[in-house]
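Subject: Structure handover

Hello,

Here is the structure I promised to pass on. Please open it alongside this note.

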Amino acid sequence: MPLPERIGFIGTGAITDAMVRGLLAEPAAIPQVVVSQRSADISARLASDFPQVHVSPDNQAIVDGCDTVVLAIRPQVAEGVIRPLQFREGQKIISVIAATDRPKLLDWIGTEVHLTQAIPLPFVARRKGVTAVFPADAGTAAIFDVLGNAVECETKAEYDLLAAASALMATYFGILHRTTEWLAENGLPEDKGRSYLAPLFAGLSEAALHAGTDVDFFEMSREFATKGGLNEQVFRDFDERGGTEALTRALGRVFERITNR
């Protein structure tokens with residue numbers, strides 16, 4: 001699927017910054033990128049770093065000049081930004097606005113556009129992101145495949161479930177932090193703990209990626225846990241002392257929040 005020649009971003013926050021940097025990393029995937037002036041410091045930095053970036057003070061000019069437009073606005077102000085804009089029928093719109101459902105977006109847009117939603121994560125800046133896309137769309141997936149890889153969702157339920165799973169990022173780093181603290185309390189300098197744990201967890205992620213979708217994660221857990229060994233002991237403690245229950249309860253609560261149940 002060919003990528004757009006010119007892509008516009010309305011809203012220039014951290015995710016726009018990450019997406020643009022990923023798209024324009026060498027070799028650049030998009031010939032031209034237009035970003036809104038807000039936030040001024042991020043847009044100015046992008047224009048300084050990449051000759052392909054043009055900063056526009058007018059959101060309507062971005063809509064008029066780009067066949068593909070990414071809405072990357074804070075949900076608190078999204079309606080006020082989107083409603084005044086005049087979109088073209090059939091125009092390709094990608095929303096990365098958090099916690100804003102499709103019917104609401106279409107109502108604000110007010111035109112029969114080709115709308116997809118996506119959940120890009122900061123790693124797209126290094127083309128290492130995995131991005132949920134709904135509904136399944138080859139053009140949108142092609143953009144996010146450049147930035148890592150896209151997971152196309154067939155239903156809104158699939159998309160919402162992946163959104164809930166993405167809320168584990170802070171927990172991941174929280175586990176690293178708590179473990180580093182424990183190591184330091186027991187006599188290991190913090191820098192050594194960090195130097196050991198980061199590549200350890202990176203290696204585990206690589207193992208999961210290389211295993212593909214044919215190998216169950218629980219099977220991998222058993223593979224890394226010698227019978228009667230230390231890994232088995234820690235996982236059993238986690239599971240039997242409320243860790244699994246706390247995790248699934250937290251995921252359920254964030255899923256309810258996402259779906260407004």
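This is a predicted model: local features need pLDDT of at least 70, side-chain atom pairs count only at pLDDT 80 or more; totals for chains, interfaces and linings use all residues.

β1 and β4 run parallel and are joined by four bridges. One of the pairs to look for is Gly 8 with its bridge partner Val 69 in β4. Leu 71 has Ser 95.

Where do the side chains of β4 go? Thr 68 and Val 70 point one way. Val 69 and Leu 71 point the other way. All four are buried.

**The α1/α2 pair**

Next, the helix pair. Helix α1 covers residues 14-24 and helix α2 covers residues 40-49. Their axes are 10 Å apart, at an angle of about 10 degrees. The two helices are therefore roughly parallel to each other; the cut-off for that is an angle under 35 degrees.

Which residues meet? From α1 come Ala 14, Asp 17, Val 20 and Arg 21. From α2 come Ile 42, Arg 45, Leu 46 and Asp 49. By class, this contact has four nonpolar residues, four charged residues and no polar ones.

Look at Asp 17 in particular. The residue lies in helix α1. Is Asp 17 buried or exposed? With a relative accessibility of 16%, Asp 17 counts as buried, because buried means under 20%. Beyond its neighbours within four places in sequence, Asp 17 is in contact with Ile 42 and Leu 46.

The buried residues of α2 are Ile 42, Ser 43 and Leu 46. Around the axis they cover an arc of only 95 degrees, which puts them on the same side of the helix. What covers these buried residues? The cover includes α1, β2 (32-36) and β3. On the face turned away from the buried side, α2 carries the exposed residues Ala 40 and Ser 48.

**Backbone points to check**

Most residues other than glycine have a negative phi, and most peptide bonds are trans.

Take the cis peptide bonds to begin with.

- Glu 26 and Pro 27 are joined by a cis peptide bond, with omega about -5 degrees. Pro 27 is in the loop between α1 and β2.
- Phe 134 to Pro 135 is also a cis peptide bond, with omega near -10 degrees. Pro 135 is in the loop between β7 and α6.

Then the positive phi values.

- Ala 99 is not a glycine, yet phi is positive at about 50 degrees. This residue is in the loop between β5 and α5 (102-109). Ala 99 is exposed, with a relative accessible area of 79%.
- Arg 127 has a positive phi near 55 degrees, again in a residue other than glycine. Its place is the loop between β6 and β7. At 24% relative accessibility, Arg 127 counts as partly exposed.

When you go through the model, I would take the sections in the order given here.

Best wishes

Terms used:
Residues are numbered from 1 along each chain as its sequence is written. Side-chain values use heavy atoms; hydrogens and water are left out. Axes are lines fitted to C-alpha atoms, for helices over the stretch in contact, and angles run from 0 to 180 degrees between N-to-C directions. Angles under 35 degrees count as roughly parallel, over 145 as roughly antiparallel, 65 to 115 as roughly perpendicular and the rest as oblique. Contact means heavy atoms within 4.5 Å. Ala, Val, Leu, Ile, Met, Phe, Trp, Tyr, Cys and Pro count as nonpolar, Asp, Glu, Lys and Arg as charged, and the others, Gly among them, as polar. Buried means under 20% relative accessible area, exposed over 50%, partly exposed in between (1.4 Å probe, protein chains only). The arc is that of the directions from the helix axis to the C-beta atoms. Two strands pair if DSSP finds at least two bridges between them.
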